[in-house]
Amino acid sequence: MPRIIRTQAISLHSSPFAESSKIVTFYTRDFGKLNFLAKGARRPKSKFGGALETFTHASLIIYKPETPKLYILSDAEIICSYSELQASTEKYLAGSQIVEFVLKATDFEEANARLFNLLLSALNALASKQSVKNLDSLVLAFLLKGASFLGYRPELDNCVSCRKKCAGAKIYFDFINGGILCIKCKLNNTRAIIIEPNQIAYLKALLYFPIKRSANLMTLPELKDFILQYMKHHFERFDLAAFTLNRTDFKKSQTGQEPEKIYGWTQEIVRK
Ligand SMILES: [Zn+2]
C-alpha cells in the first residue's frame, strides 16, 4: 500500500481517544477493515464533521505510518450519511447488527470488495423510502451472503460427506461441515440435525435473492436461530447477544401487505 491513498469506506465503530481524538474502524473498499486515528475529531469544529458516524459512507484520504494496524485519517468526505437509520430505532438496530457482523467476522487488512458492496446494498435497502417489510429477513440475508463472501457459504444442494445430490424428505444439516447430509451419511454423524425442504428453500432465497428483495420475505422463526448458530460455528468472535434482541417486524399492520412467501418457489432455485 502506498503511504498516502484515497479509498471509499463505511464507518463501523468509533471510540474516544486521548483528549480530543477518536479511534475509528472503517470497512474500506480496497483494504478491508482498518483502524484509524482521527486527530482532533472530538473538537467542535473538527474537519471530519459527521463523516465518522457509524454507517456513514465516505471517501477517505489515509496515511499509513511505520507502525502497522493504526492508520492516520487525513481527510474524510461524506458520500452518504444514511441518516435515515438514526431516525428509526428499528432500522438503527438492524444496521447495528449488520455492522456488528462485519466487525466480528472480518480480519484486519483483508480486502473484500464483494462484502463492501453488500454492506452498501444493505444500508441502501435500510435507508430506502419504500417500507421495509421484514428487517429480520434483511439482516439474516446479509449474514448468509456475508458468510458466503468470506468463504463460508452453506452447502444446500449436495451432501457435504458423499457429495451426492440430496433429495427426499429426510435431509440433515451439519453445522461444523457447513452443509446438508444425506440420510445414509447421517448414520455416521451424531451431531447433524434434521432440516425441512421449505427451510432449505428459505435459506436459498436469503442467499440468492437481491438483498432488497430479501427484506420482503417472511421469516421462519426457527431459521433465525439456525442462521445465528451457523454464524457462531464459523466465526469465533460472532456475538450472539447482539442478535437476540426482539424486533417488531414490519408486517401487515404497517405496510398493508403480507411478506412474500417462498413456498412453491423451491424448484426454481433447486435447479440453479
Ligand atoms: Zn451423503
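Some ground rules. Residues are numbered from 1 along each chain as its sequence is written. As the model is predicted, local features need pLDDT of at least 70, side-chain atom pairs count only at pLDDT 80 or more, and totals for chains, interfaces and linings use all residues.

Confidence, then. pLDDT is the predictor's confidence in each residue, from 0 to 100. The protein chain averages 87, and 88% of the residues score at least 70. Residues 248–257 have a pLDDT below 50, with 19 contacts in the model beyond near neighbours in sequence. A contact means two C-beta atoms, placed from the backbone, within 7 Å. Residues 261–272 also stay under 50. There the model has 13 contacts beyond four places in sequence.

Now the core. A nonpolar core is a set of buried Ala, Val, Leu, Ile, Met, Phe, Trp, Tyr and Cys residues joined through C-beta atoms within 7 Å. Buried means 20 or more other C-beta atoms within 10 Å of a residue's own; exposed means 12 or fewer; partly exposed is in between. The largest core here has 74 residues. Which of them touch the most other members? Leu119, Ala122, Leu138, Phe142 and Ile180 do. Helix 3, residues 135–149, gives the most to this core: nine residues. Helices are DSSP runs of H or I with at least four residues, strands are runs of E with at least two, and both are numbered from the N terminus. Domain 1 (4–81) and domain 2 (87–270) both give residues, so the core lies between them. Those bounds come from an automatic or database domain assignment. Take Leu119. Beyond four places in sequence, Leu119 is in contact with Ile10, Tyr27, Ile98 and Val102.

Three strands form an open, antiparallel sheet in the order 7-6-8. Strand 7 (179–181) and strand 8 (193–195) stand at the edges with a single partner each, so one side of each has no neighbour in the sheet. Pairing requires at least two DSSP bridges between strands. Strand 6, residues 171–174, is joined to strand 8 by three bridges. In one of these, Tyr172 partners Ile194.

Last stop: Ser81. Where is Ser81? In the loop between strand 5 (70–80) and helix 1 (89–105). Ser81 counts as partly exposed because it has 18 C-beta neighbours inside 10 Å. Beyond four places in sequence, Ser81 touches Gly50, Glu53 and Thr56. Ala51 is 30 residues away along the chain, yet the C-alpha atoms of Ser81 and Ala51 are separated by 7.3 Å.
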